[in-house]
Amino acid sequence: MNPMLGFAVKAARRAGDIINRAAENIEQLTVQHKTKNDLVSEVDRAAEAEIINSLKNVYPEHAFLAEESGRTGSSDFEWIIDPLDGTTNFLHGFPVYGVSIALAYKKQLQVAVVFDPCRNDLYTASRGAGAYLNEKRIRVSKRDKLIDCLIGTGFPFKANSDIETYAEMFKTVALNTAGIRRPGAAALDLANVAAGRLDGFWEIGLSPWDMAAGALLIKEAGGLVGDLEGEDQYLETGKIIAGNPKIFAQMLSALRPHSKKLT
Ligand code: IPD
Ligand code: CA
Ligand code: CA
């Protein structure tokens, strides 16, 4: 295993232990609102500190971009971390949440870990070496008609979040697919595309830490990831379409006409 991936896996499992312990006593947690509908708990912070400390021990010169502590350090190597993706689910005891860790070198994603502590499922990828779920190789689905596809998404929930345009996109996808799912943790949704359980995914208003690891998983599983123009700017714009290559193209054609109306 790529040594950097190995350290990322250790860090993700440690964060998973913190999350699993806290899940036994959710009502004891102190929760704060970052903005409306955007929650953070001491678990998010403790898991993030654990990940950053354990990676900093090995790579003191690397930079970090993490949801709760922002950007620290300056280096061509940058770890992109969501310590607990799906905080709202976690706080409700709804068992769909996970840890997401990616490493970029000169902006290019190199290694990815998404860990689902509820199922003890570990998704890993390193650039050029494929994607794995618990050490078994995973690949995107083979479906080639959008109408047969199960598509994941996330609802925009912040103020001024283009909800009307999103609703139009939703209608287009709902009418042209076998179904839509909104599990509530983007990193796991993307991992499920990599594993072929979802044929595609789209969302607007995401942050780099929601997408970085999942995007590399999908690419290494043979899928495509892009923004709503089909370009590579999803980490910058927060707008993402992903899927197996055929479905990616069909989703892009279906959603691109709406993207001009987004702010
Ligand atoms: C959220 C989840 C959710 C997505 C939101 C994210 P968080 O992450 O990934 O699925 O729809 O946009 O903010 O806040 O739980 O880490
Ligand atoms: Ca997140
Ligand atoms: Ca989070």
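Domain bounds here come from an automatic or database domain assignment. Domain 1 covers residues 3-138 and domain 2 covers residues 146-259. The model is predicted: local features need pLDDT of at least 70, side-chain atom pairs count only at pLDDT 80 or more, and totals for chains, interfaces and linings use all residues. Residues are numbered from 1 along each chain as its sequence is written, chains are lettered from A and ligands numbered from 1 in the order in which they are written, and side-chain values use heavy atoms, with hydrogens and water left out.

The overall fold was described first. The chain holds 8 helices and 15 strands. Helices (H or I, at least four residues) and strands (E, at least two) are DSSP runs, numbered from the N terminus. The C-alpha trace spans about 45 × 40 × 35 Å along its principal axes. For 263 residues, a compact globule would have a radius of gyration near 18 Å; the chain has 17 Å, which agrees. That radius is taken over C-alpha atoms, and the globule rule is 2.2 Å times the number of residues to the power 0.38. Buried residues account for 54% of the 263. Buried means under 20% relative accessible area, exposed over 50%, and partly exposed in between (1.4 Å probe, protein chains only).

Two calcium ions come next. Donors are N, O and S atoms within 2.8 Å of the metal (3.2 Å for Na, K and Ca); water is not among the atoms, so sites may look incomplete. The calcium ion (ligand 2) has D82 (OD), D85 (OD) and D210 (OD) as its protein donors, at 2.1 to 2.2 Å. Their spacing in sequence is D-x2-D-x124-D. D82 lies in strand 5 and D210 in helix 6, so this pair ties together parts that are 128 residues apart in sequence. D82 is buried, with a relative accessible area of 1%. D210 is buried as well, at 10%.

E67 sits in the loop between strand 3 (63-66) and strand 4 (70-72), and L84 in strand 5 (residues 77-85), so the pair links parts that are 17 residues apart in sequence. L84 is buried, with a relative accessible area of 1%. The two ions, ligand 3 and ligand 2, are 3.7 Å apart, and D82 coordinates both.

Rolling a probe the size of a water molecule over the atoms shows where empty space is left. On a 1 Å grid over the protein atoms alone, a pocket is an open set of points with protein on both sides within 12 Å along at least five of seven lines, whereas a cavity is a set where a 1.4 Å probe fits but cannot get out; lining residues have an atom within 4 Å of a point. Grid points are joined across faces, edges and corners, and a volume is the space filled by probe spheres set on the points.

The largest pocket holds about 740 Å³ of space. Its lining has 38 residues, and D38, F157, K158, R182 and E203 are the closest to its centre. Strand 2 (38-41), strand 5, helix 3 (87-91) and helix 6 (208-220) each give two or more residues to this lining. By class, the lining has 12 nonpolar, 13 polar and 13 charged residues. Ala, Val, Leu, Ile, Met, Phe, Trp, Tyr, Cys and Pro count as nonpolar, Asp, Glu, Lys and Arg as charged, and the others, Gly among them, as polar. Domain 1 and domain 2 both contribute to the lining, so the largest pocket lies between them.

The second largest pocket holds about 500 Å³. It is lined by 20 residues, and A104, K107, Q108, L235 and E236 lie nearest its centre. Strand 5, strand 7 (108-116), helix 6 and helix 7 (234-237) each supply at least two lining residues. The lining has 8 nonpolar, 3 polar and 9 charged residues. Both domains give residues to it, so the second largest pocket also lies between them.

Some single residues complete the picture. R13 is in helix 1 and counts as partly exposed, at 34% relative accessibility. A22 is in helix 1 (residues 3-23) and is buried, at 14%. L206 lies in the loop between strand 13 (200-203) and helix 6. L206 is buried, with a relative accessible area of 13%.
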